[in-house]
Amino acid sequence: MQFSFETTVRIVDALAGKGLGEEIAVHGWVRTRRSSKSVTFVELNDGSCMSSLQIIFDADSPVAADELERMQTGASMEARGTLSESPGGRQSVELRATEARVIGEASADRYPLQKKRHSFEYLREIAHLRARTNTFGAIARLRNTLSMATHRFFQDYGFYSLHSPIITASDAEGAGELFQVTTLPLDELAAAETQLDYSRDFFAKPAYLTVSGQLNAEIYACALERVYTFGPTFRAENSNTTRHLAEFWMIEPEMAFCDLDGNIEIAERYLRRLIEAALRESSEDMQFFDKRIRPGLLNELEHLLASDFTRITYREAIEALQRSGKEFEFTPSWGADLQSEHERYLTEELYNGPVIVTDYPKEIKAFYMKLNPDGETVRAMDVLVPYLGEIIGGSQREDDLELLKRRIDEAGLDREAYWWYLDLRRFGTVPHSGFGLGFERLVRYLSGMQNIRDVIPFPRTVRSAEF
Ligand code: ATP
Ligand code: MG
């Protein structure tokens with residue numbers, strides 16, 4: 001038997017009836033094996049879907065008994081036989097094997113994945129094997145569905161995919177939390193306690209891993225009109241939360257000739273498209289999440305699709321919170337950021353659906369957001385959803401040269417470092433807008449998983465970077 005893309009059927013297709021009545025070959029890893037006197041059943045999973053294919057070896061099977069014995073949980077194998085309808089079984093089809101062999105053995109009692117349900121903490125320690133579990137297989141497939149839906153959505157609206165740099169010499173928001181990139185001999189320097197001489201460093205100046213592709217996306221939006229980035233993002237978040245990773249993926253569309261209203265419209269359509277894609281294209285996995293991870297998830301998502309997105313200003317949000325009569329840990333007041341308890345009240349209690357909050361005080365938002373005529377607030381928008389809080393943050397960008405210079409000064413940043421950013425406002429400036437959506441926050445929301453470490457294949461967090 002030889003591997004071939006032509007003759008091998010993926011289990012997801014076999015279960016849908018592809019090759020029914022014909023001789024097919026399948027590959028995968030043994031989930032379970034049961035034997036009775038005359039017949040052995042092997043549940044084979046190849047990661048193409050949640051379900052496994054049942055392989056049947058009956059009394060007159062030509063496969064030797066010692067080969068059957070090697071088909072233990074975790075072993076890899078191939079099997080060939082006729083795909084037939086399953087009489088009254090849980091599954092629609094089954095494979096009656098005429099040929100089969102184990103490719104890579106696994107000793108069932110030493111295999112780290114046992115039949116019992118393992119804790120997510122334990123599975124994080126064996127991230128090289130957790131992809132073979134139902135939950136992590138489903139997460140991997142959902143990520144695939146959502147990333148393809150992202151590309152399709154933006155392509156449908158005439159956006160160009162942009163590869164923004166991963167190494168950057170500018171700190172996008174002056175916000176800190178940067179990983180520095182250097183080839184300086186840090187050990188030697190530390191031993192000698194010398195001053196850092198950046199002229200000896202690779203870029204001859206300090207450089208960092210990017211915290212956002214936005215500023216680069218603005219450059220291309222001011223030439224191609226609509227672009228989006230979908231790339232890795234790094235933040236040295238020195239906190240242990242279930243919402244923060246040190247390395248995560250972000251989607252950042254940027255549109256020229258577009259104001260805050262246009263930005264909100266695209267954000268809302270994009271979010272709806274993502275949810276629809278998850279429900280339609282990953283329905284088996286979503287049903288699993290609904291049953292095993294977060295009961296009620298599917299209802300919540302259907303409810304969100306049917307809801308209007310409520311749009312309020314930051315001022316209205318603060319007033320609503322103050323009127324609510326609720327005891328918040330953080331008292332809502334003008335000029336303070338919305339806390340997650342506030343976001344939950346707005347989305348889960350007051351409006352019972354997604355809420356878009358706009359026009360925040362300039363002090364709590366980044367320097368590049370467009371100043372409103374009131375001189376106090378900026379054209380920012382955050383999209384909040386029930387149970388998660390903020391899922392998207394964005395704004396219309398300041399396109400007025402003089403105002404932008406002033407905002408850079410106020411933020412304590414160096415105008416010189418942003419000369420190119422200012423140039424975009426000197427030559428053919430245009431109203432433009434964009435937003436960022438954290439991919440892992442999205443996956444966490446749509447799967448109902450509790451911890452962001454469990455929705456990315458290989459999580460990097462403070463003091464932890466394995467595999
Ligand atoms: P938070 O207040 O939760 O730290 P933020 O205000 O720092 O978020 P932004 O700078 O607006 O976030 O980043 C855009 C999006 O990136 C966020 O809406 C969120 O979805 C995601 N995000 C931000 N930080 C992280 C992180 N450390 N890990 C995973 N996703 C993140
Ligand atoms: Mg943050």
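Analyst: Happy to! In this predicted model, the axes of helix α4 (residues 134-156) and helix α7 (residues 260-281) come within 9 Å and cross at roughly 140 degrees. Angles over 145 degrees would count as roughly antiparallel and 65 to 115 as roughly perpendicular, and α4 and α7 are therefore oblique to each other. The crossing of α4 past α7 is right-handed.

On the α4 side, the contact is made by Leu-142, Thr-145, Leu-146, Ala-149, Thr-150, Arg-152, Phe-153, Phe-154 and Asp-156. Helix α7 answers with Ile-266, Arg-269, Tyr-270, Arg-273, Leu-274, Ala-277, Ala-278 and Glu-281. Sorted by class, the contact of α4 with α7 holds 10 nonpolar, 2 polar and 5 charged residues.

Now for the strands, starting with β3 (residues 53-57). This strand is mostly covered, with 5 of its 5 residues buried. Leu-53, Ile-55 and Phe-57 point one way from β3, while Gln-54 and Ile-56 point the other way, and all are buried. Strand β2 (residues 40-45) runs antiparallel to β3 and is joined to it by 5 bridges. With strand β5 (residues 93-104), β3 pairs in the parallel sense over 3 bridges.

Elsewhere, 8 strands form an open sheet with mixed pairing, in the order β6-β10-β11-β16-β15-β14-β13-β12. Its edges are β6 (160-161) and β12 (310-313), each with a single partner strand, so one side of each is left without a neighbour in the sheet.

Strand β14 (residues 377-385) runs antiparallel to β15, with 6 bridges joining the two. Reading across that pairing, Ala-380 has Ser-395 in β15 as its bridge partner, and Val-383 stands opposite Ile-392 in β15. β14 and β15 form a hairpin with 3 residues between them, and Tyr-387 in the turn has a positive phi of about 70 degrees. Strand β16 (residues 432-438) pairs with β15 as well, in the antiparallel sense over 5 bridges. In that pairing, the partner of Gln-396 is Ser-433 in β16.

Gln-214 has a relative accessible area of 6%. Buried means under 20% on this scale, so Gln-214 counts as buried. Leaving aside residues up to four places away in sequence, Gln-214 touches Glu-252, Glu-254, Tyr-368, Arg-397 and Tyr-421.

Conventions: Residues numbered from 1 in each chain as written. Chains lettered and ligands numbered in written order. Predicted model: local features only at pLDDT ≥ 70, side-chain atom pairs only at ≥ 80, totals over all residues. Heavy atoms only, no water. Axes fitted to C-alpha atoms, helices over the stretch in contact; angles between N-to-C directions. Helix = DSSP H or I, 4+ residues; strand = E, 2+ residues; numbered from the N terminus. Parallel < 35°, antiparallel > 145°, perpendicular 65-115°, else oblique. Left-handed = near helix turned anticlockwise from the far one by under 90°. Contact = heavy atoms within 4.5 Å. Nonpolar A, V, L, I, M, F, W, Y, C, P; charged D, E, K, R; others polar. Buried < 20%, exposed > 50% of the residue type's maximum accessible area, 1.4 Å probe, protein only. Pairing = 2+ DSSP bridges.
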